[in-house]
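Dear colleague,

Please read it alongside the sequence.

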Amino acid sequence: MSYLSKVLAIVWKDVVAELRTKEMFSSMLVFALLVIVIFNFSFDLRVENIAQVAPGVLWVTFAFASTLELNRSLALEMENDCLDGLLLAPMDRSVIYFGKMLGNLVFICAIEALILPIFSVIFDLNLIRPPLLLTIFLGTVGFAGVGTLLSAIAVNTRAREVMLPVLLFPIILPVVIAATKATGGILDGLPLGDIAHWLRFLVAFDIIFLVVSYMTFDFVVQG
Amino acid sequence: MIQIQDLVKSFGHSYALQGVDLEVSRGQFLTVVGPNGAGKTTLLRILATLLRPTSGLVHIDGLDLPSRSAEIRRRIGFVSHQSLTYGKLTVEENLTFYGRIYDIPAVEERVDTLLDLVGLQARRHDPARTLSRGMQQRLSIARAIIHQPSLMLLDEPYTGLDQQAADMLRQLLQTIAAESRTVVMTTHNLQRALEFCDTVAILAKGRIVYQAEVASLTLDDLRQAYWHYVGNGSTGKRAET
Amino acid sequence: MSKSFRIEDLLNWLSGLSIIVALYLVFVYAPTEATMGHVQRIFYFHVSSAWVGFLAFFVTLVAGVAYLRGGNRAWDILALSSVEIGITFTAMAVITGSIWAKATWNAWWPWQQEPRLVLVTILLLLYLSYLVLRAFVEGEERTARFAAVYGIVAFVSVPFTFMSVRWWQRLHPVIFEREGMHLAPAMLATFLFSLLAFTILYFTLLLHRRRLGKLADQVDGLKERLRTGEGG
């Protein structure tokens with residue numbers, strides 16, 4: 001299918017570019033580690049049971065790291081007017097959206113995969129469990145889905161990188177709430193039935209915002 | 001090949017194009033000259049489907065813009081002073097990527113042919129950002145013709161090139177033009193305009209004010225016409241010789 | 001021109017009158033609530049303001065969609081007007097909500113007990129983000145386009161935010177629930193009338209603001225023509 005191969009071509013391009021320099025990866029990883037350390041110290045003095053704040057810290061870290069990645073991903077297309085190159089191709093504009101979105105998803109998940117073991121050690125919790133991995137994946141789809149659209153807007157403003165959090169955070173608040181609650185429930189050992197509604201909520205959010213972003217992306221990138 | 005009638009483009013309250021009428025026949029090489037701010041880039045970007053017209057008629061190869069944009073894009077190649085290539089990717093990777101999104105069959109072969117054509121075989125494994133400006137422009141052209149478009153749009157392609165690079169570019173353009181592609185090029189250099197194009201037009205303040213066959217024109221004729229329509233100092237910039 | 005002027009005139013009178021009546025109802029007619037006393041009266045203003053905040057956001061959504069479909073700048077002017085008025089009412093909702101919370105729970109910001117307050121604050125944040133976006137984009141056409149898209153995204157997020165904040169402190173999810181507030185008939189009448197009065201006020205202010213927006217747009221157009229010396 002030509003559509004899919006073009007989407008994958010865009011993902012391939014982003015992966016190759018990042019593998020060559022590893023700029024984004026390294027900065028995201030360092031940033032995430034710093035956030036974890038800072039949280040560790042700022043909560044340590046007040047909270048006895050550090051596991052209580054673990055879900056919140058985890059998701060705040062993911063949210064900020066995602067913002068970094070989303071910014072860099074679109075900034076790549078602004079160099080040398082590369083976005084024009086994509087717009088000139090004889091394909092539906094949605095290919096660009098899905099290509100960038102998948103690329104974002106891959107990168108953010110990769111960073112999360114690195115952060116989780118580190119987090120597990122620091123918080124002395126086992127975070128590598130299937131229900132938790134599913135939650136993280138669903139939450140990340142939420143970030144990447146609407147984040148790709150909003151980063152395309154943000155990169156075209158005077159404030160650039162700073163604009164994305166301003167636009168994105170109020171929108172993904174439901175994702176952060178749902179994911180944090182689900183994560184907390186899983187770590188507390190609750191039966192899956194008790195947190196299933198949060199997961200369904202995430203799925204609904206993901207689907208609706210993928211659709212909304214897909215439909216409005218063209219309006220953002222057109223001249 | 002191209003029919004433009006009363007093309008208007010406004011950005012909010014300011015008008016970049018105020019009623020452009022233009023016809024370009026198949027195989028013709030048209031150069032559009034004009035001062036900065038005249039609307040040359042806007043005109044070309046509309047033809048490239050990167051901008052939408054505010055009003056007016058634009059037909060490319062019989063297809064109406066903006067309703068048939070996707071089909072039109074298959075037929076056009078666009079070169080601007082930005083290279084539209086990814087600095088971190090190698091020359092080869094850049095072309096392979098474009099080959100894929102343009103649905104080129106046998107991408108590797110095509111990339112190989114292009115690298116020979118633009119003389120970048122030796123640098124195929126180097127990241128694009130290590131290339132000189134002249135080489136980047138050649139890579140950009142390879143990118144633009146990868147799908148063998150019938151219409152080439154070149155927006156001030158000589159910008160930032162030294163003499164040697166400019167000469168190479170001129171040779172390359174001659175080759176491309178000789179393949180009876182239709183070409184529309186913009187420049188503010190009057191001499192370049194006469195080099196090997198068929199027709200030259202002057203765009204001033206959002207309108208085509210002058211059009212002539214190059215065969216019957218000397219550089220002086222063109223300069224006179226330019227000063228007549230554009231005046232001097234209207235944008236504070238003199239046309240180069 | 002004169003026809004729309006009459007509508008605005010009519011609305012001016014209507015909103016003035018209805019607000020006066022609403023004030024009377026709220027402060028004189030409505031009975032004093034048993035537990036809370038007079039402070040409870042702020043409830044009428046709080047909910048009415050919040051309602052207008054949501055309504056204005058919805059109008060912005062509709063105007064945004066209409067703009068994207070047609071490119072007609074008039075829709076963008078309407079969207080911006082609605083946001084400016086909506087943000088005012090939402091801010092009022094936040095403030096009155098906080099006063100209400102202080103009276104009910106003895107805390108200015110009881111996160112757990114008043115999810116409504118949290119929700120209204122998030123709505124305010126969305127409005128602010130919308131305005132910040134508009135301030136930082138170059139070019140009128142682009143601003144309108146981006147704002148329209150963000151308006152759509154923001155509005156779609158509101159139900160999700162509403163649900164997630166609601167479920168936040170509960171173990172089991174509830175979609176709809178009845179608040180434990182029993183309204184005497186007189187209170188209910190006051191409540192409904194306040195909603196109506198505020199809605200009329202909203203539309204009045206909206207039309208005025210839109211008129212200003214159109215005039216400002218005309219001025220911009222004239223300025224541009226003067227600058228370039230050309231007709232447009």
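How many residues does the contact take from chain B and from chain A? In this predicted model, the contact takes 28 residues from chain B and 29 residues from chain A. The area buried between the two chains is about 2,800 Å², and carbon and sulfur atoms give 58% of that area.

Between chain B and chain A, 15 residue pairs are in polar contact, counting pairs with both residues at pLDDT 80 or more. On the side of chain B that touches chain A, the elements that give two or more residues are α2 (69–75) and α3 (91–101) of chain B, and the largest share, six residues, comes from α3(B). The residues of this side divide into 12 nonpolar, seven polar and nine charged.

Turning to the aromatic rings, the structure holds 28 aromatic pairs over all chains. One of them is the tilted pair of A:Tyr97 and A:Phe217, with 5.4 Å centre to centre and 50° between the planes. Because A:Tyr97 lies in helix α5 (residues 93–123) of chain A and A:Phe217 in helix α8 (residues 192–221) of chain A, the pair ties together parts that are 120 residues apart in sequence. A:Tyr97 counts as buried, at 0% relative accessibility, and A:Phe217 counts as buried at 3%. Separately, A:Trp198, A:Phe201, A:Phe205, A:Phe209, C:Phe160 and C:Trp167 form one aromatic cluster.

With best wishes

Note on methods: Residues numbered from 1 in each chain as written. Chains lettered and ligands numbered in written order. Predicted model: local features only at pLDDT ≥ 70, side-chain atom pairs only at ≥ 80, totals over all residues. Heavy atoms only, no water. Contact = heavy atoms within 4.5 Å. Buried area = accessible area lost by both parts, 1.4 Å probe. Polar contact = N/O pair within 3.5 Å; in protein donor to acceptor, adjacent residues only side chain to side chain. Helix = DSSP H or I, 4+ residues; strand = E, 2+ residues; numbered from the N terminus. Nonpolar A, V, L, I, M, F, W, Y, C, P; charged D, E, K, R; others polar. Phe/Tyr/Trp six-rings, centres within 6.5 Å; stacked < 30°, edge-to-face > 60°. Buried < 20%, exposed > 50% of the residue type's maximum accessible area, 1.4 Å probe, protein only.
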